[in-house]
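Please examine the sequence and the model shown here. A short report on selected features comes after them.

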Amino acid sequence: MTTKNARELTEASVEARLAELLQQERFAPQEAFAAQAEITDPEIRARAAADPTAYWAEQAGRLRWSRAWDQVLDSSEAPFYRWFSGGTINVSDNCLDRHVEAGRGDKVAYHWHGEEGETRDITYAWLLERTARFAGALRELGVGKGDVVGIYLPMIPEVVVAMLACTRIGAVHNVVFGGFSAGSVAERMEVSGAKVLVTADGARRKGRTAPIKPSVDEHMGPEAVPSLQRVVVVRNTGIDVPMTDGRDVWFDEVLEAADAVDPEPMDAEAPLFILYSSGSTAKPKGILHTTGGYLTGASTTHRQVFDLHDDDVYFCSADVGWITGHSYIVYGPLANGVTSVMYEGAPDYPHKGIWWELCERRGVTKFYTAPTAIRACMKWGVEHVAPHDLSSLKLLGSVGEPINPKAWLWYWHVVGGERCPVVDTWWQTETGAIVITTLPGLDAAKPGSAGLPLPGYEVQVLDAEQGGVVEEGEGLLAIPRPWPSMLRTLYQDPDRYVSTYWDRFGPTTYFVGDSARRDADGYTWVIGRVDDVINVSGHRLSTAEVESAIVAHPAVAESAVVAKADDLTGQAIVAYVTLQGGTDASADVEAEINATIADRIGKLARPKRIVFTQDLPKTRSGKIMRRLLRDIAEERDLGDTTTLADPSVVDQLQQRWQQG
Ligand code: PRX
């Protein structure tokens, strides 16, 4: 095996090599990789397709069940599918106790790295001890089976303890990404009826300390979130924060005082967690995952896609607050008993080569990140990668948005030294686990295409008008067969679950919301969302929720938000705003609108550009023509505008846009 020495890389050498590689359509697994791969049976998909329920039962059988299931798949109330009915299982038992009992308690679960260079090695035994005691503490705080526990924490080991402790006693966690504002946490706590919130005094971000607890207090009083009884606070930064008597307790103190509890056998279909995600409306969707099927899907796909071996050191750069963090930082890796690297900080802090420094230092073998991060690394330059010895890497993964071939090739050449397969993994919060990708020891990858459905899954591209199957060509992505880690419903909103996912093609074919192209080899090329969901740096937002945050500003009359293609972030938010009479557009108003968005949703939802306008392009019936707004932002020809009530509006908008 030849190991490319990354130190020889220069911008010019990389450019030249990428120009060559762009000519290559397929990248077959390297012999050295294929020879050691876990999955080498070319018939694995066909075998799974012949009897999918038997295949999934076999995968579920790798987990430890306290009671075997009676039925693998119950479709009697489709689309409310049930998997492994009658079985009981506990997730924390599978992620922790099982490994410790097998004598693997000293194995490191996480090499945790703080942004100021601190490190903690968290073993499986340590995690078990903490989790069992924190589960006891939650019980003492009044949390029982089915109760919702909010988690709003930075990337620290306690976030894993809190999640697993919930699963140990059958509480349902509702994790909110730390980048969302306390206001949006409050909304998610209120709609899910959360009883307890686990949060921190503050978080560190790029050398600064941001208080969390004070903003939680501000947004989560008894009126705003009546269900919330207790707030557990992790002492993370050590800053002074107000604590409310009778409601707030310190994480370390309750943990110290509590007795360890055993894992509670849970029904396979017991709710495991809710994760709010953006849909077509301003109201986020509470995507509900359940116990047995989710763990089966997350652990199986993690093992297969990352070609896991016992000595792997796996590093997923996502945040635990997203589904990628749930499935591929916490549940998949822990169920499979692997060692992971967990990094607290931003990819460019304390320097732009921190990920590669950690890969070198920990001997990372499998690395998983998002296209937007790869594009940022490309922009920062190879000099941040070149000093690091990345020869331990064996496989690279990508997730969250389509990856452009150039970024794919850069990842393959610069980071992977042309020896590591790149798996482009397509999935969603709703699917719980990876659905489409290449099996790294078996399938050739085509840069820009996610690849083929994993074993046990079926994926189709359907004609948008007729609904027929498109063998080769473009259409709507659909999954015509249930799978274990699928969402079960939208929390407390079953009607929206049915209307969002199952109305379009009927109760047996899941409507994904993406458009895609299927090529002659059956590879899927995801094009993008067909609804009003936007994907900024792999973060999912809805145009409606950004609009509703903007119009919350008292000076705003109306707003229309669209996504514009962006070289770095995939898509970027552009907001067109009309102001109330009497208010003039100014830098101050713009700053205030941005502050309103940051407060209501989070800084990640601030538009790249706000365009103030007298009017929005509307049809004669008053409907805003978003297509035109997108065309203006992407500087395309506008075509026919005669259906507009006032065609002159778009000319003015185009001029505004060009003025910058
Ligand atoms: O449009 C697809 C895109 O991200 C959407 C799902 O977003 P979310 O639920 O936040 O989950 C992201 C992490 C799994 C999808 O509907 N998407 C995700 N992965 C890919 C992708 N688009 C193209 N290629 C991918 N690999």
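## Basis of the model

This is a predicted model, in which local features need pLDDT of at least 70, side-chain atom pairs count only at pLDDT 80 or more, and totals for chains, interfaces and linings use all residues. Residues are numbered from 1 along each chain as its sequence is written, and side-chain values use heavy atoms, with hydrogens and water left out.

## An eight-stranded sheet

Eight strands build an open sheet with mixed pairing. Their order is β13-β12-β9-β7-β8-β15-β16-β26. Strands here are DSSP runs of E with at least two residues, helices are runs of H or I with at least four, and both are numbered from the N terminus. Two strands pair if DSSP finds at least two bridges between them. β13 (248-250) and β26 (489-490) each have a single partner strand, so one side of each lacks a neighbour in the sheet.

β9 (residues 196-200) and β12 (residues 230-234) are parallel and share five bridges. Val196 has Arg230 of β12 as its bridge partner.

## A hairpin

Strands β10 (residues 202-205) and β11 (residues 208-211) run antiparallel, joined by four bridges. Ala203 is bridged to Ala210 in β11. The two strands form a hairpin with two residues between them. Lys206 lies in the turn and has a positive phi of about 50 degrees.

## A four-stranded sheet

A second open sheet has four strands in the order β24-β25-β27-β28, with antiparallel pairing. Its edge strands are β24 (460-462) and β28 (524-529), each pairing on one side only. Neighbouring strands are turned by 50 degrees against each other on average, direction ignored. Such angles run from 0 to 180 degrees between N-to-C directions, with axes as lines fitted to C-alpha atoms, for helices over the stretch in contact. Three bridges connect β24 to β25 (residues 473-479). Gln460 stands opposite Ala478 in β25.

Asp519 lies in the loop between β27 (510-518) and β28. Asp519 is buried, at 8% relative accessibility. Buried means under 20% relative accessible area, exposed over 50%, and partly exposed in between (1.4 Å probe, protein chains only). The Asp519 side chain makes a polar contact with the side chain of Trp525, at 3.0 Å. A polar atom of the Asp519 side chain also lies 3.0 Å from the backbone nitrogen of Tyr523. A polar contact is a pair of N or O atoms within 3.5 Å; within protein, one must be able to donate a hydrogen and the other to accept it, and residues adjacent in sequence count only if both atoms are side-chain atoms.

## The ligand shell

The ligand is surrounded by 17 residues. The closest are Asp424, Thr425, Thr429, Arg529 and Arg540. α12 (323-335), β21 (422-425) and β28 each supply at least two residues of the shell.

A ligand nitrogen is 2.8 Å from an N or O atom in the Asp424 side chain. A nitrogen atom of the ligand is 3.3 Å from a polar backbone atom of Glu401. A polar side-chain atom of Gln428 lies 3.0 Å from a ligand oxygen. Taken alone, the ligand exposes 550 Å², and the protein buries 95% of that. Accessible areas come from the Shrake-Rupley method with a 1.4 Å probe; for residues, only the protein chains shown count as cover.

## The C-terminal domain

An unreviewed UniProt entry annotates residues 545-623 as "domain: AMP-binding enzyme C-terminal". UniProt positions follow the numbering used here, feature names are shortened, and annotations may be inferred rather than shown by experiment. This stretch is 27% helix and 32% strand, and its end C-alpha atoms are 18 Å apart.

Ser548 belongs to helix α17 (residues 543-551). Ser548 is partly exposed, at 34% relative accessibility. Ser548 and Thr281 are 267 residues apart in sequence, yet 9.6 Å apart from C-alpha to C-alpha. Phe612 is in strand β33 (residues 609-612). Phe612 is buried, at 11%.

Two cis peptide bonds deserve a look. The Ala78 to Pro79 bond is cis, with omega near 5 degrees. The Tyr349 to Pro350 bond is cis, with omega near 0 degrees.

Asp307 is not a glycine but has a positive phi of about 45 degrees. Asp307 is buried, at 2% relative accessibility. Glu635, also not a glycine, has a positive phi of about 55 degrees. Glu635 is exposed, at 58%.

Terms used
Near = heavy atom within 4 Å.
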